[in-house]
Amino acid sequence: MSKFLDERYSSLAAYVPGEQPQDKKYIKLNTNESPYPPSPETFAAVNVNETENLRLYPDPDGRVLTKKLADCYGVESENIFLANGSDDILNFAFMAYGANGRKSYFADITYGFYSVFANLHGSDYTVIPLEDDFTIDADKFCGVDGCVFIANPNAPTGLALSLAEIERIISTNPENVVVIDEAYVDFGAESAVSLVKKYDNLLVVQTFSKSRSMAGARLGFAIGNKEIIGDLHKLRYSTNPYNINRITLAAGAACIDSQNYYDDNCKKIINTRAYTTNELEKLGFSVLPSKANFVFAQSDRIDGGELYLKLKEKGVLVRHFTSGRIKNFNRITIGTPEQMAVFIEKTKEILEDK
Ligand code: PMP
């Protein structure tokens, strides 16, 4: 850290992303990417023409993609906001509704970026502990006096709240924005998008990084009431109006045109999740019932950190968190059936060697 850094940022603990190792080829089950490539239509959209057009700035409003998303989700274009990954949107949401001493609420075990953004923007934030079984008690988020952030399904647990519980949180906080982060919703949870027309305090955040195989392209979107979307545009135009590049905009539009391909991939991942859960349970793991493209599992037979390291030695990368209540768990992204068979086989070997 230099002596020049503004003192507001000197004690900031930055977000630590999962490893993106370059040393060797791993079976990579650590950052919840899709194991499947983008659709043929998406490949075709990233073409010579689009590359030639890179000399031109992209459309700052991404109108073609915005319209496609609006049609896909049954809303108007003015209800859609595009950004450079959903992290970009969460950043804007904290900036808009939870900054400079304003209050915000999120779970103690949830997406690690919430506390980073809250600190970055000087939010007066409260963390609400999950229950002993790692579920969220919706009542604890009802009628609070600040902006609410809920990942549904939650990460890294994979557990989801029902739409009725989500609606209760939204309806009991009419004076505050409720952000529902649906990064993993396409893998089996209920989306809150249908509530956008009913509530003016709801912001639903989604991403192309998981179910649409585009983590490397950096594309997120939000759906909400047009005034809220207007707030986010104001902040975007005050920071980086060209926050999504041309290639990503073209690829995103092609994704929506080939939605069936991505829906099929989600079905495959849901099936492979069932297989993985079952196999882990046979090995004595307890696995939280996941609605996401990962499972969160622990075993009394091996320490979570040890399993992570031994799997890494054997070429399989999973995600281990070192904090308190979850330090015996690993979060395992669902890959292809073949990758998961290798993961199970290596886990079995590690347990047998003990
Ligand atoms: N929300 C949650 C709950 C996540 O796990 C992630 C992925 N790290 C994100 C948002 C951000 O995803 P992206 O910026 O790739 O859209």
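The following legends describe close-up views of a predicted model. Local features are given where pLDDT is at least 70 and side-chain atom pairs where pLDDT is 80 or more, while totals for chains, interfaces and linings use all residues. Residues are numbered from 1 along each chain as its sequence is written, and side-chain values use heavy atoms, with hydrogens and water left out.

View 1. The domain assignment gives domain 1 (27-37 + 260-353) and domain 2 (40-258), with bounds that come from an automatic or database domain assignment. The centres of the two domains, taken over C-alpha atoms, are 26 Å apart. Domain 1 brings 27 residues to the contact and domain 2 brings 32 residues, where contact means heavy atoms within 4.5 Å.

**View 2. The largest nonpolar core.** A nonpolar core is a set of buried Ala, Val, Leu, Ile, Met, Phe, Trp, Tyr and Cys residues joined through side-chain atoms within 4.5 Å, and buried means under 20% relative accessible area, calculated with a 1.4 Å probe and protein chains only. The largest such core holds 51 residues, of which Ile150, Ile169, Leu202 and Phe208 touch the most other members. Because domain 1 (27-37 + 260-353) and domain 2 (40-258) both give residues to this core, it lies between them. A second, separate core has 30 residues, including Leu29, Tyr184, Tyr308 and Ile344.

**View 3. The surroundings of Ile169.** When residues up to four places away in sequence are not counted, Ile169 touches Ala138, Phe141, Cys142, Val148, Ile150, Leu161 and Val178.

View 4. The residues around the ligand are Gly85, Ser86, Asp87, Tyr111, Asp181, Ala183, Tyr184, Thr207, Ser209, Lys210 and Arg218, each having a heavy atom within 4 Å of it. A side-chain N or O atom of Tyr111 is 3.2 Å from a nitrogen atom of the ligand, whereas a side-chain N or O atom of Tyr184 is 2.7 Å from an oxygen atom of the ligand. Arg218 also places a polar side-chain atom 2.7 Å from an oxygen atom of the ligand. Taken alone, the ligand exposes 400 Å², and the protein buries 91% of that, with areas from the Shrake-Rupley method and a 1.4 Å probe.

View 5. With a disulfide taken as a pair of cysteine sulfur atoms within 2.5 Å, the count comes to 0 disulfides. For Cys147, the nearest cysteine sulfur is that of Cys142, 15 Å away, and Cys147 is buried, with a relative accessible area of 2%. The sulfur of Cys255 is 11 Å from the closest cysteine sulfur, in Cys72, which is too far for a bond, and Cys255 is buried at 0% relative accessibility.

Definitions and conventions:
Buried means under 20% relative accessible area, exposed over 50%, partly exposed in between (1.4 Å probe, protein chains only). A polar contact is a pair of N or O atoms within 3.5 Å; within protein, one must be able to donate a hydrogen and the other to accept it, and residues adjacent in sequence count only if both atoms are side-chain atoms.
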